[in-house]
Amino acid sequence: MSLERAKEYLKGFGRADDVMEFDMSSATVDLAAQAVGCEPERIAKTLSFAVGDRVALIVCAGDARVANPKFKAAFKTKPKMLKAEEAEERIGHAVGGVCPFGVKDGCDVYFDESLRRFDVIYPACGSSNSAIALTPDELTQIVPEGTWVDVCKLPEE
């Protein structure tokens, strides 16, 4: 159901047919990289946080981690990830397939700067066995309400 929700959203941008569906799981960064055939850092993982009564979806590189001080500076609160059982209800996508496409009202989308170092990235498409290849610019065109933030750190930082 969630895959169809994401595809329907992407259809509005002429990209529904670009969704890749795999015979294997892509629910984690490493599994997604294997399924797609790319480096794990190119997987655009979407992390979900409770911020007040809203959900902040942070789309970041597969090797990035949220930096608590940066998050707190940007959102004026400590990062508190949604529990897995809350994700599908509040976002419209279950953990393993959370993406910025076709999300429910009450979700705000943010793109972390860690994505800008790549020419192509691979976000999920609502299921634990899907992805789409996009440039960071295409991602911002497909999710125009998204905002760029710098809330993550890379392994070498």
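**Entry 1: a charged pair**

Is aspartate 18 buried, partly exposed or exposed? I looked it up and found aspartate 18 partly exposed, with a relative accessible area of 36%. The scale I used calls a residue buried under 20% relative accessible area, exposed over 50% and partly exposed in between, with a 1.4 Å probe and protein chains only. Arginine 15, in contrast, is buried at 16%. The two form a salt bridge, and their closest N and O atoms are 2.4 Å apart. By salt bridge I mean a side-chain nitrogen of Lys or Arg within 4 Å of a carboxyl oxygen of Asp or Glu.

A note to myself on the ground rules: this is a predicted model, where local features need pLDDT of at least 70 and side-chain atom pairs count only at pLDDT 80 or more, while totals for chains, interfaces and linings use all residues. Residues are numbered from 1 along each chain as its sequence is written, and side-chain values use heavy atoms, with hydrogens and water left out.

How many salt bridges does a search of the whole structure find? I got 10. I then picked out two to follow up.

Arginine 117 forms a salt bridge with aspartate 63, with 2.4 Å between the closest N and O atoms. This pair links distant parts of the chain, since arginine 117 is in the loop between β5 and β6 and aspartate 63 in the loop between β3 and β4, 54 residues apart. My helices (H or I, at least four residues) and strands (E, at least two) are DSSP runs, numbered from the N terminus. Arginine 117 is partly exposed at 38% relative accessibility, and aspartate 63 is partly exposed at 22%.

Aspartate 150 and lysine 70 also meet through their side chains, at 3.1 Å from N to O. Aspartate 150 has a relative accessible area of 43% and lysine 70 one of 27%, and I noted aspartate 150 and lysine 70 as partly exposed.

In what order do the five strands of the open sheet lie? I read the order as β6-β2-β3-β5-β8, with mixed pairing. Two strands pair if DSSP finds at least two bridges between them. The edges are β6 and β8, each with a single partner strand, so one side of each has no neighbour in the sheet.

I went through some of the pairings:

- β2 (residues 43-51) and β3 (residues 54-61) are antiparallel over eight bridges, and alanine 50 stands opposite valine 55 in β3.
- β3 and β5 are parallel over five bridges, and valine 59 faces phenylalanine 111 in β5 as its opposite residue.
- β5 and β8 run parallel and are joined by three bridges, and tyrosine 110 has threonine 147 in β8 as its bridge partner.

β5 has five of its six residues buried, so the rest of the structure largely encloses this strand.

**Entry 2: a buried proline**

I looked next at proline 100, in the loop between α4 and β5. This proline is buried, at 1% relative accessible area. Leaving out residues up to four places away in sequence, proline 100 touches Thr46, Val59, Val109, Leu139 and Val143; contact here means heavy atoms within 4.5 Å.

Which residue has a positive phi of about 60 degrees although it is not a glycine? I found lysine 76, which belongs to the loop between α3 and α4. Lysine 76 counts as exposed, at 68% relative accessibility.
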